[in-house]
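Biologist: Can you walk me through this one? Start with whatever term I need.

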Amino acid sequence: MKNSLLCLGFLLFCLGTGCSGAANQEVTVVERPGVSADEVRLGSSLALSGHASFLGTQTLHGALCYIEAINEAGGVHGRKIKVIAYDDGYDPPRCLENTQQLIAEDKVFALFCYVGTPTSVKIMPLVQEARIPLVGLFTGAQILRNPFQRYIINIRASYYEETGAVVKELVESLALSKFAVFYQYDDYGFDGLTGTQVALKQYGLTPVATGSYRRGSLEVEDALARIIASKAEVVIMIGTYEPCAKFIRLAKSRDYEPIFHCVSFVGADELVKKLGAAGEGVIITQVVPPPTETLLLPAAEEYTKLMARFFPDDEPNFVGFESYLNARVMVEGLQRAGPDLNRENFLDAIESIENFSLGIGNPLTFSSLDHQGLDKVYFTQIHEGRLALVTRAAAMEVERVRRSGRDR
Amino acid sequence: MNRKKILIIDDDPSFLEICSAILEESDYHVDTASSSKEGLEKLVSQRPDLVLLDIMMATMDEGLSFATSIRQREDLHKIPIMIVSAQPDAEKGYQRSVDREMDWISADMFMEKPINPQDLLHNVRLLIE
Amino acid sequence: MMRFGKLKVKQKIAVSTAVVILFFSLVSWLSIQFVVLPSLTDEITNRGEIIANGIALRAQQYLTADDRPNLLDVIFTEKWMEPYLAYIFIINEVDGVVVHTLLQPFPQYLVRVNPLPADRIQHTRLVKTSFGSVYDTAMAIQEESHRIGTVRVGLSKVLVDETMGRLANIFLAVLVLIISIALVLTNWFSRQITGPILDLRDLTRDLISCNFQACGHLGKRVECWLVKDCSQLMCSAYERGRPPCWLMDNPPPPHGAEVNPLASKLEECSRCQVYKENVGDEIEQLAAAFCHMIHKLDLYQEELKLTNEDLRKLNRNYMEMLRFVSHELKTPIANSSMSAQALLQSIFGTLTPPQEKMVKHIYSNLSTSVEMVKNYLDLSRIETGELLFQPRRLHLASEVVAPTLISLSILITANRIRVEDLTDEGLVLEGDEELLRVVYSNLIGNACKYGRKGGVIRLRGKNQGTLCRLEVWNDGPGIAGEKMGQLFQKFCRIQQSPEGAAKGTGLGLFISRTIVELHGGKIWAEGVEGEWIQFVIELPKSQEGSRENE
């Protein structure tokens, strides 16, 4: 038997050496890209033109106004922040191209101020591969949050949370049950739709109708017809300002007046402008408080001041305000990471932020398992051509307004 | 009469006759016995001057032990004994016992059959005188 | 190799099997290398080509429109779907890089590592890059048979290595499994072989230790009807349907069946067809034959015992006869001799010359008889082992030679022999006086009888170191050379003269030699035929160690 054991041992040895591990995948990049002694470079690809240009522009301006102020004051640890921004027109392939450029050629330290779900989702694999932080995205898509990813830092609450909040409010306070979903036919819309379905399922409900439109188009008629036919009491809208505005106006012109709700991505300010009087009573959930509350919120005050200084042509708006807050977080992260800045310790620094006050009455918290800083959803409602913050109790008021509107 | 008496003890009757004849020619008085028992009786009653003894009678060493017992008797131990035997080994046995200095064994002489009559007469004369 | 020879059969078989398996696995591994590896390579090449083809088709429209974002979208989508893709890039017709999937500045050398000739649509080649070994596929992007660009897809060889690694693991695992199973199976099989062999070995051991009874069974129940010729239908063996043979099973035979001896039964069995079919493999047949042999040997042994018994009886009778002759016969002869001698010695008066002559004859014949009887007596003593050997220190001349001459004086004078006794007076040795006298008596007697009438007998005896050399020489016809060797054999009687019959018992020299050898010495004869003969004896002077234990 000794011989047999020897044979077996030899074979097992062969087995062990036969197990070759996988080779290294990629060539590792430079240790500290985008960081030099006096500068730290951030990259951004966002919709600076096209049908979502408001979102992109305001995102950029909102962040820049703060960053310029920081640079004026000497930067972070002696480094000035430089933001390289490319226009992707809310087009995922262009976003992809821009991001590759930012990573490979411009060698930015981190990606920042990305706008939109399809675009952000498109470049997610690049972020993984390059191991580059992506901070502050203007999108609440679930896939950016779950499964957890080390390199993506979200600040705003998710669409799930937005839709969940509004569904909860409308079902519990107003006992409404017939919900329809109007959504953009892409990742953004699907995400919102799923969020709504998940929220409704809590109450044993499902959407009575769904309707979609193609991103970049204004073809909302089919969806409208279907939703009108369903006699839904609430229409949750996952879209951008132009198609949503058209939808609402058309609906109202056909005497269809359910409660309209849009998520924050819609671009509330533009929506208000586009709707005019037809916008009365439309609820828009926000992930940041109104920037107009300058008296209450120190952040709103600062944002307004800085915008007036650096971008006087722009009016303070939710999108910009949110971006300003993102920039606050970015700078805080750079600050905490210290002079010996690299991507990993920057992320560690972000994760160390706990109950940090941004000045919006809503503390910012991250951890090694939580890469979403804010969780609060705010309700706003278009009232007499302006966006007003509404609270729960005021949900009753919504009903009253609505009914009064109809009666009129 | 001053004739010497000789007693021959042997279980072979032929030998007894021949020996007696030879000895009587030389003017000896010869008596015979054909068993040790008879021999002993005649020894005691007749007191011969010489005993001729066959070493083997009924059994192998009967003669020897007979000789021994004679020698051990007060009244008989002076009588000279001649042992005759058809076997040469008997002489050896006799010699052995002599060598061992067992003085309760004894014969004074030993002769092997067939016996030369002249030698016999010569030896008898030696022993009796 | 030598160590292999020392292994047991089972281990030998196991090792051989393992070696065979390893050999075949080596062969198959090599063939895998030469077959699977190329096919894997082909697979990768194919995959690369499929990917490149897909990209080429989709990229065509974007390339024409120079739509970089969508080109990027196409190649990145592909890249993210496929693990082990080191790179994808598209070059235009002037080899300028349009888009690529790298997250670093594009290394220009990569363009040149796999140039696609103008006449080919696709080409795959293994290249070494900074990403390791890569299967680079170049696929032309065509617009109406005109090449507008090339897609380059780089599949990392790691894929192949990993697959080969996995294959190797599976292969080795299977190999280990096979070998384990094979070892178990061969172990079992070889036990089937070594089992009967070991039984055979045990049978052999029984045979060696003459344990003929041990062969009770063969381990295999053999059923054969033919031999028995049994018509006993009530027999349990018969009942069982298949023709059985009670013999092999060792139960008691059924009523009415003849009880043949086992051995002959086995012989019949070995010719029986049914038996042959059922007896098992070659080794078991060998064992059966072995058992048969043992049974036969057992029978022979019984016979031998009986013969032995007979021989012993014969021997006893012989001994008995010898004893009778020597003892019982001696007595009347001795008596007669004595009587005759007494007559010759004129004890009973002088005899007339004719009477004397006659009595002399009587005496002489009786002496011969006495001598012959003496020989038989000595033979009897030798045969029964009763010959007493009692050596002691003696003077040869005076204690042995002289008395013997005297006792043979009549014979000597009768043959008108002249004896010259040249024995050293002082010759002393350790020996048995009586036995040595027998020897001398025999030799001198022979010299008288077979020597020249009126001739000479010369006796010599002297020291020779640790030995004594004794010689008995006489002139006369001697012995023929070829008969010299037989002289000392039992019952060897030499025909001296053509007219005379063989004389004597033929025992004298045999007895003499036995006695000389008893002394630790040697005796032999020398001579010239027709002239003289001499017997030489060498005796050790001392008998240490051979003295009787007293």
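Modeller: A residue counts as buried if 20 or more other C-beta atoms lie within 10 Å of its own. Keep in mind that this is a predicted model.

Biologist: Why is helix α9 of chain A described as largely enclosed by the rest of the structure?

Modeller: Six of the eight residues of α9(A), which spans residues 268-275, are buried, so the helix is largely enclosed by the rest of the structure.

Biologist: Which residues in α9(A) are buried?

Modeller: Ala268(A), Asp269(A), Glu270(A), Leu271(A), Val272(A) and Leu275(A). After the helix comes Gly276(A), with a positive phi near 65°.

Biologist: Switching to chain C. What is the strand order in the open sheet of five strands?

Modeller: The order is β7-β9-β10-β12-β11 in chain C, and the pairing is mixed. β7 (418-423) and β11 (522-528) of chain C are at the edges with a single partner strand each, so one side of each has no neighbour in the sheet. From one strand to the next, the twist averages 15°.

Biologist: How do β11(C) and β12(C) pair?

Modeller: They are antiparallel, over seven bridges. Lys522(C) stands opposite Glu538(C) in β12(C).

Biologist: Which strands does helix α14 of chain C touch?

Modeller: α14(C), residues 433-450, packs on the sheet and touches β9, β10 and β12 of chain C. Its direction makes about 20° with that of β10(C). Helix α15(C), residues 508-518, lies across β11 and β12 of chain C, at about 130° to β11(C).

Biologist: And how many residues does the contact take from chain B and chain C?

Modeller: It takes 18 residues from chain B and 18 residues from chain C. On the chain B side, the residues divide into eight nonpolar, three polar and seven charged.

How values were computed. Residues are numbered from 1 along each chain as its sequence is written. Chains are lettered from A and ligands numbered from 1 in the order in which they are written. This is a predicted model: local features need pLDDT of at least 70, side-chain atom pairs count only at pLDDT 80 or more; totals for chains, interfaces and linings use all residues. Two residues are in contact if their C-beta atoms, placed from the backbone, lie within 7 Å. Ala, Val, Leu, Ile, Met, Phe, Trp, Tyr, Cys and Pro count as nonpolar, Asp, Glu, Lys and Arg as charged, and the others, Gly among them, as polar. A residue is buried if 20 or more other C-beta atoms lie within 10 Å of its own, exposed if 12 or fewer, and partly exposed in between; C-beta atoms are placed from the backbone. Helices (H or I, at least four residues) and strands (E, at least two) are DSSP runs, numbered from the N terminus. Two strands pair if DSSP finds at least two bridges between them. Axes are lines fitted to C-alpha atoms, for helices over the stretch in contact, and angles run from 0 to 180 degrees between N-to-C directions.
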